[in-house]
Amino acid sequence: MVHHLHRAVAAALLGAAALAACRGEAPGASGDAVGRLVDSLSPVVEQTVGVPFKAPPRYAVRSRAQVAAYLATKLDEELPPQRLTAMHDVYRLLGQVPDSLDIRGLLTALYEEQVAGFFDPDSGTLFVYEGSDVKSAQFKFVLAHELVHALQYDYLALDSIMHQRRDSDRLAAAQAMLEGQATLASMTMMAPGQDLLSDDAIWETFREQLRTARGSMQVFAETPRVLQEGLIFPYLEGAEFVRWYERNDAGGGQPYGAAIPVSTEQVLHPQRYAAHDMPVEVPLDTVGAAPGESDVMGEMGIATLSADLAGAEVVSTTIPIGWAGDRYRLYQSEEGPALVWLIAWDDQRAADRFMAGSGARLRALPRAGYRTTVDAMDVAGHPGTRVVIAPVAWAGWNSLP
């Protein structure tokens with residue numbers, strides 16, 4: 001998922017959920033007004049997070065047109081046409097988005113629907129949108145949230161972390177730690193005196209407000225679930241993980257550096273993080289055709305796919321699914337895109353459960369001119385599954401890994 005639009009959209013959504021604040025246009029944001037607010041919030045951010053800024057936070061007020069042009073450039077950098085096409089092909093072959101979906105247009109529409117500001121790690125600048133209501137609670141929440149990212153930027157190479165390729169699951173896990181800390185810290189600043197770490201009722205209320213906020217944003221509400229979950233996961237599940245992390249003093253300090261989780265499984269199930277349950281590296285050789293985009297689905301991706309295939313109302317993440325690691329590769333051919341996906345499981349029981357549930361549903365998905373196979377096989381020394389969704393005439397059928 002694209003980092004800049006990802007954070008701009010989701011931060012606005014969570015600001016609305018956390019504070020149930022109304023949007024306003026006046027008094028509009030100006031350099032002086034934003035500067036005063038940054039100056040007043042920065043010491044609170046330092047106190048809440050527990051580390052000082054190494055340099056004063058940089059910020060800039062820009063028109064929506066200026067930021068839209070900037071984000072469009074970033075979108076093209078992070079999702080060039082080949083990668084964007086591959087992402088769409090994978091989702092549609094798995095039955096998670098319509099064939100006709102314009103993902104780039106959708107991401108742009110999500111940005112235009114409701115944003116207030118965002119921190120850009122490439123330039124180290126916090127951008128605020130001209131005309132934002134600087135006195136609203138929602139704006140202060142978003143600014144506090146983004147100031148936490150500015151503080152993180154002083155201690156971490158956020159730009160390199162957020163530009164990982166070929167392992168979206170690991171990227172989502174890193175985002176979850178960073179966004180989770182920013183979400184928890186900004187909520188703490190906006191609700192002083194409340195015990196956000198141990199009061200589970202507050203988080204249940206937050207989840208309910210988030211569901212309400214999701215429904216109030218028309219474009220977001222109509223977005224396919226796989227994209228919705230990708231946007232929300234680092235914030236909602238990340239905040240839950242950081243709550244666990246801080247309550248258990250899991251890393252003995254700030255959640256930086258080597259303490260960052262490496263899989264969505266670790267984020268969803270902190271006991272796996274505590275046990276240092278590391279993902280299995282799944283090798284995926286080419287099949288004699290020109291190799292295309294390759295990536296990792298991860299526990300959250302598989303859970304979302306399972307919910308989509310089953311027609312479930314919500315994505316179930318309470319119980320670990322037994323994921324050990326996975327990797328898929330997309331191939332382009334004259335007949336159409338072909339997907340080869342290998343999944344390693346913790347044990348045979350988890351492999352059998354996937355085969356009987358999501359595997360059977362994948363085989364039953366209709367797609368003219370295509371063939372789907374779901375086979376049990378050894379993957380990286382683990383009980384595993386190989387999923388292939390490819391044109392019937394695809395030459396790669398003769399040389400599958």
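**Aromatic pairs and helix packing in a predicted model**

The charged end of R371 lies over the ring of W397, 4.2 Å from its centre. A charge counts as over a ring if NZ of Lys or CZ of Arg is within 6 Å of the ring centre and within 35 degrees of the ring normal. K54 also has its charged end over a ring, that of Y155, at 4.6 Å from the centre.

The model is predicted: local features need pLDDT of at least 70, side-chain atom pairs count only at pLDDT 80 or more, and totals for chains, interfaces and linings use all residues. Residues are numbered from 1 along each chain as its sequence is written, and side-chain values use heavy atoms, with hydrogens and water left out.

The protein chain has 15 helices and eight strands. These are DSSP runs, numbered from the N terminus (helices: H or I, at least four residues; strands: E, at least two). Of the 401 residues in the protein chain, 56% are buried. Buried means under 20% relative accessible area, exposed over 50%, and partly exposed in between, with a 1.4 Å probe and protein chains only. Contact means heavy atoms within 4.5 Å. Among contacts in the protein chain between residues at least 6 apart in sequence, 74% join residues at least 24 apart.

A pair of aromatic rings is described by the distance of the centres and the angle of the planes. Rings of Phe, Tyr and Trp (its six-membered ring) pair if their centres lie within 6.5 Å; planes under 30 degrees apart count as stacked, over 60 as edge-to-face and the rest as tilted. The structure holds twelve aromatic pairs. In one of them, the ring centres of F241 and Y245 are 6.3 Å apart and the planes stand at 40 degrees, so the pair is tilted. F241 and Y245 are four residues apart in helix α11 (residues 225-247), and are therefore separated by about one helical turn. Both F241 and Y245 are buried. The rings of W345 and F354 have centres 5.2 Å apart and planes at 40 degrees, so this pair is tilted. W345 counts as buried because its relative accessibility is 1%. F354, at 6% relative accessibility, counts as buried. One aromatic cluster is formed by F241, W244, Y245 and Y273.

Helix packing was examined next. The axes of α8 and α11 come within 6 Å and cross at roughly 75 degrees. That makes α8 roughly perpendicular to α11. Axes are lines fitted to C-alpha atoms, for helices over the stretch in contact, and angles run from 0 to 180 degrees between N-to-C directions. Angles under 35 degrees count as roughly parallel, over 145 as roughly antiparallel, 65 to 115 as roughly perpendicular and the rest as oblique. Residues of α8 that meet α11 include A172, Q175 and L184; those on the α11 side include F233, F241 and Y245.

Helix α8 (residues 168-190) also packs with helix α6 (residues 137-155), their axes coming within 8 Å and crossing at roughly 135 degrees. The two helices α6 and α8 are therefore oblique to each other. Among the α6 residues in this meeting are K140, F141 and H145, and among those of α8 are L178, M187 and M190.

G117 is found in strand β2 (residues 117-120). At 4% relative accessibility, G117 counts as buried. Leaving aside neighbours within four places in sequence, G117 contacts F127, V128, Y129, V142 and E146. G117 and V67 are 50 residues apart in sequence and 9.5 Å apart in space, C-alpha to C-alpha.
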